[in-house]
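Let's take a friendly walk through a protein and its ligand. Have a look at the structure below, then read on.

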Amino acid sequence: MTAPRSNSTPQVAIIGGGFCGAAAALSLLEKGIGVTIFESQPELGGLASSFDTGAYRLEKFYHQWYAGDENFEWLLDVLGLKAKEFSISMEHGFYFRDSVWRTRNPLDHFRYTDLSLTESARMAFGIWKLGAVTDWRTIDDYSVKDWFTKYGNHNVYEKFWKQLLVSRFGNYADEISVVWVWQKLQSNKARKGRSEKGSTSSYYEGGFSALFDDIEAHILAQNGVIRKQTRAELVRADPSANTSITLQVDGSAHAFDGMIITTPLPEAARLLAHTLPQQNLDAFNAIAYLDSRGIIIRSKRSLSNCYWLSNRDLAFPFVGVIEHTQFRPPSEYNGEHIIYLSQSTAPGMEAYDMDDDAYIAYGLAHLEKMFADFDADWVIDAHTWRAADAQPAILKKYGESVPPPELPMANCLIATQAQVYPDYRGTHTAIRQGRDAAERLSQGLVT
Ligand SMILES: Cc1cc2nc3c(=O)[nH]c(=O)nc-3n(C[C@H](O)[C@H](O)[C@H](O)COP(=O)(O)OP(=O)(O)OC[C@H]3O[C@@H](n4cnc5c(N)ncnc54)[C@H](O)[C@@H]3O)c2cc1C
């Protein structure tokens, strides 16, 4: 039975309490529309959520945002908590041929390579050619491999780009669209606040866990409802009822006037399995995803003075080494040093099936190879997290497979990471998507 609705304020269900769901909720509340967030995990935050180490709270995966981002400006304005943002310019570097190199300028990445002089010149030509592209649609059917083999040569791809792509996209590396590189070039050009030494990043006083506590308090103060540890099970459109959409939770159905689904597409397809035409479900399931795995190490000592050490060595399987306490001082963490490792993984890859203990041992062994001084005695403790379907594989022609936000049922929208294209996905685009979905939905709802 569908529970009857008792008041006349339109009510919207939001599935997922990450940045996208939170921004949608805040935006709808500002418009006088009621919201209920359903979040399957014990706390809000999604990929940017935190955990208790036993000594303090930390993000499960490293997180920061670029200073001056307009979506965060909006969010902090809504909360009235702009004063809690602080921005820092940080040291970046990269790991290559068993050594750590400092990045003083993005071009340094191209200076230290295994490429010959001729190959470096070909690489520069490929980058220049890509930087001159104005419409990404004209290059979406090139993979990074196609592009840099054509405008560089085989080695330019194999010795440089492949290293970067494998830790991010695993076995999909050779098929990743060159739009992924194009977008990085565009955002590097556009990003404000970059300095010679590094980029300016922002963080929140008390971390992302404090930010989500403040978001939660704001939503509750506006009479929004948050149901944590509550997994949305099934969505049904019910045109004959007073309300258009029902959501099954804990075995019972709840009626809503509208809905925004912010989960990864495979979960959205499961939720909508009895409602959406097969062709829409097939389109959702056609996008390949990778999981994210990460290790957080509480260490007695620091590894280097870089915040972000990108990996440029195929033998090192992680995207990089991120030393959070180069961003926030160790004094905020009992004098300890916080180190993150992360990578994307999919079936068939080395890290995919490892259990947590084996995965931590694998990460520590790689750190020992990378930093001669690093010793297991430094480790106070280590934690590991996994996020399923965290990263869509941006294969060539990806633009053709991006589903629109509207679904073939009234007042139900999908706003998920996989639809952000060609922009570089992150917390900022999740906020943008949540706001955009709220705007679209509110136009169809009567207040
Ligand atoms: C390792 C890593 C590092 C990153 N670092 C940064 C960074 O430094 N800066 C940055 O800007 N971005 C970073 N990102 C990206 C950023 O985390 C994401 O872009 C952003 O958090 C996505 O938000 P979202 O709300 O769209 O999705 P999610 O955060 O995935 O939220 C979806 C939510 O839906 C919930 N859910 C799923 N199914 C159901 C269901 N059936 N019922 C109820 N709830 C459900 C999930 O539990 C989750 O909370 C990083 C990502 C990773 C993986």
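Is H324 buried or exposed? H324 is buried, because 22 other C-beta atoms lie within 10 Å. A residue counts as buried if 20 or more other C-beta atoms lie within 10 Å of its own, as exposed if 12 or fewer do, and as partly exposed in between, with C-beta atoms placed from the backbone.

Before going further, note that this is a predicted model, in which local features need pLDDT of at least 70 and side-chain atom pairs count only at pLDDT 80 or more, while totals for chains, interfaces and linings use all residues. Residues are numbered from 1 along each chain as its sequence is written.

**Around H324**

H324 sits in the loop between β18 (320-323) and β19 (337-345). Helices (H or I, at least four residues) and strands (E, at least two) are DSSP runs, numbered from the N terminus. Leaving aside residues up to four places away in sequence, H324 touches Y62, I338 and Y340; two residues are in contact if their C-beta atoms, placed from the backbone, lie within 7 Å. H63 is 261 residues from H324 in sequence, but the two are 9.0 Å apart in space, C-alpha to C-alpha.

**The whole chain**

The protein chain holds twelve helices and 21 strands. Of its 447 residues, 44% count as buried. Its C-alpha atoms fill a box of roughly 70 × 50 × 40 Å along the principal axes. Among contacts between residues at least 6 apart in sequence, 71% join residues at least 24 apart.

The chain is divided into domain 1 (2-88 + 205-287 + 396-444), domain 2 (106-190) and domain 3 (288-392), with bounds that come from an automatic or database domain assignment. The centres of domain 2 and domain 3, taken over C-alpha atoms, are separated by 26 Å. Their contact takes eight residues from domain 2 and 15 residues from domain 3.

**Strands side by side**

Strands of a sheet pair through backbone hydrogen bonds, either parallel or antiparallel. Here, two strands pair if DSSP finds at least two bridges between them.

| Strand pair | Sense | Bridges | Residues opposite each other |
| β15 (258-261) and β21 (412-414) | parallel | three bridges | L413 and I260 |
| β7 (85-89) and β10 (200-204) | antiparallel | five bridges | F86 and Y203 |

Both faces of β15 are covered: G258 and I260 are buried on one side, and M259 and I261 are buried on the other. An open sheet has three strands in the order β6-β10-β7, with antiparallel pairing. Its edge strands, β6 (65-66) and β7 (85-89), each pair on one side only.

**Around the ligand**

Which residues come nearest to the ligand? Of the 35 residues around the ligand, these are G16, G18, C20, G46 and G426. A residue is near a molecule if its C-beta atom, placed from the backbone, lies within 6 Å of it.

By class, the shell has 13 nonpolar, 18 polar and four charged residues. Ala, Val, Leu, Ile, Met, Phe, Trp, Tyr, Cys and Pro count as nonpolar, Asp, Glu, Lys and Arg as charged, and the others, Gly among them, as polar. Domain 1 and domain 3 each give the shell at least three residues. At least two shell residues come from each of α1 (19-30), β16 (289-299), β20 (379-392) and α12 (427-444).
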